[in-house]
Amino acid sequence: MSKRIVVLSVIFIFTKVHSQSWFDVGLKSGSGLSHLINQNIWDDKDYNHRLSYAYCFGAKIGYNLNENHEFTFDVLYNSFRQSFLYNEMDSIAVNSPLLSASLNYSSISYLLMYRFNKEGRYSEIGTSFETLLSCSRTDENNSVSQISKEDLIQQWPSIVGGFGAYLLGTENFGITTGIRISYGLSDLISKSGKALLLPNFKNYPSYSGSYPLSIQFIIEANFDFAYVSKAQCNRRKLILF
């Protein structure tokens, strides 16, 4: 008897959840701070990280199981930058001028996220798969060579989390704002980049990996365009709002 009650309860919950499901699409953009985590540079007194700028924009599609649980798939263009200030000894002038440098790259992110919505607020967690599009390096020291796309890894995974709240909207359209944090799980420097002593062309006693971190303010516009309905023949169909 107890097993039958459990089975019936599961069937009821599953049916209840999916009878209220719907799809939404959206556009989003964000901007904030980026940081390339490298322990050797952190410990180097002649090198200093500067606050650096990152931004993203793209689109998403979401499948809402009900009012609280949603899975989303985002495709975003990302721009990442890490700026530095450093001292370089000038043997001719016999001084150490303060110079600036930066490492920049752009990528496409494919994100699969779980989002929990409640009372106009949301929290999310998921993973991202990054594909490198281009990279560059600027340096006030003209003797430093340029880098190519092959000096960074071409693809890497990231872990992503965030939170936010509903801002305004109508019955099936809404705008949300929030914070999203992304951390790369793989060393950004490739084999050829390590040979060049990236990210800062400086040799250290031991190698330390470089991991991209970004914290961005996100604004998102969502439109609920279709919901899943159960027909009389017990088949489910998609109905546009």
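Helices (H or I, at least four residues) and strands (E, at least two) are DSSP runs, numbered from the N terminus. This tour uses those element names throughout.

The model is predicted, and local features need pLDDT of at least 70, side-chain atom pairs count only at pLDDT 80 or more, while totals for chains, interfaces and linings use all residues. Residues are numbered from 1 along each chain as its sequence is written, and side-chain values use heavy atoms, with hydrogens and water left out.

**The whole chain**

Begin by displaying the chain as a cartoon. It contains 3 helices and 10 strands. Read from the N terminus, the order of elements is α-β-α-β-β-β-β-β-β-β-α-β-β. Of its 241 residues, 42% are buried; here buried means under 20% relative accessible area, exposed means over 50%, and partly exposed lies in between (1.4 Å probe, protein chains only).

Select Phe23 and Phe225 next. Rings of Phe, Tyr and Trp (its six-membered ring) pair if their centres lie within 6.5 Å; planes under 30 degrees apart count as stacked, over 60 as edge-to-face and the rest as tilted. The whole structure holds 11 aromatic pairs. The pair of Phe23 and Phe225 is tilted, with 6.3 Å from centre to centre and 40° between the planes. Phe23 belongs to strand 1 (residues 22-37) and Phe225 to strand 9 (residues 211-230), so this pair links parts of the chain 202 residues apart. Phe23 is partly exposed at 22% relative accessible area, and Phe225 is partly exposed at 23%.

Stay on strand 1 and select Leu27. Is Leu27 buried or exposed? With a relative accessible area of 59%, Leu27 is exposed.

**Rings and a charge**

Select Tyr53, Tyr55, Phe57 and Tyr77, which ring pairs link into a cluster. Then move to Arg115 and Tyr122. The charged end of Arg115 sits over the ring of Tyr122, 4.1 Å from the ring centre; the rule requires NZ of Lys or CZ of Arg within 6 Å of the ring centre and within 35 degrees of the ring normal.

**The cavity**

Rolling a probe the size of a water molecule over the atoms shows where empty space is left. On a 1 Å grid over the protein atoms alone, a cavity is a set of points where a 1.4 Å probe fits but cannot get out, and a pocket is an open set with protein on both sides within 12 Å along at least five of seven lines; lining residues have an atom within 4 Å of a point. Grid points are joined across faces, edges and corners, and a volume is the space filled by probe spheres set on the points.

The structure has 1 cavity of 30 Å³ or more, and the volume of the largest cavity is about 260 Å³. To find it, select Asn78, Glu130, Ser182, Ser214 and Gln216, which lie nearest its centre among the 24 lining residues. Strand 9 gives the largest share of this lining, 5 residues. By class, the lining has 12 nonpolar, 10 polar and 2 charged residues. In this scheme Ala, Val, Leu, Ile, Met, Phe, Trp, Tyr, Cys and Pro count as nonpolar, Asp, Glu, Lys and Arg as charged, and the others, Gly among them, as polar.

**The largest pocket**

The largest pocket has a volume of about 660 Å³. Select Trp22, Asn64, Asn117, Tyr166 and Asp224, the closest to its centre of the 31 residues that line it. Which element gives the largest share of the lining of the largest pocket? That share, 4 residues, comes from strand 9. The lining of the largest pocket divides into 7 nonpolar, 13 polar and 11 charged residues.

**Backbone details in the loops**

Most residues other than glycine have a negative phi, and most peptide bonds are trans. Select Glu119, in the loop between strand 5 and strand 6. Glu119 has a positive phi of about 50° although it is not a glycine, and it is exposed at 64% relative accessible area.

Go on to the loop between helix 3 and strand 9, where Leu197 lies. Leu197 also has a positive phi, near 65°, and is partly exposed at 30%. Pro199 is found in the loop between helix 3 (191-195) and strand 9. A cis peptide bond joins Leu198 and Pro199, with omega about 15°.
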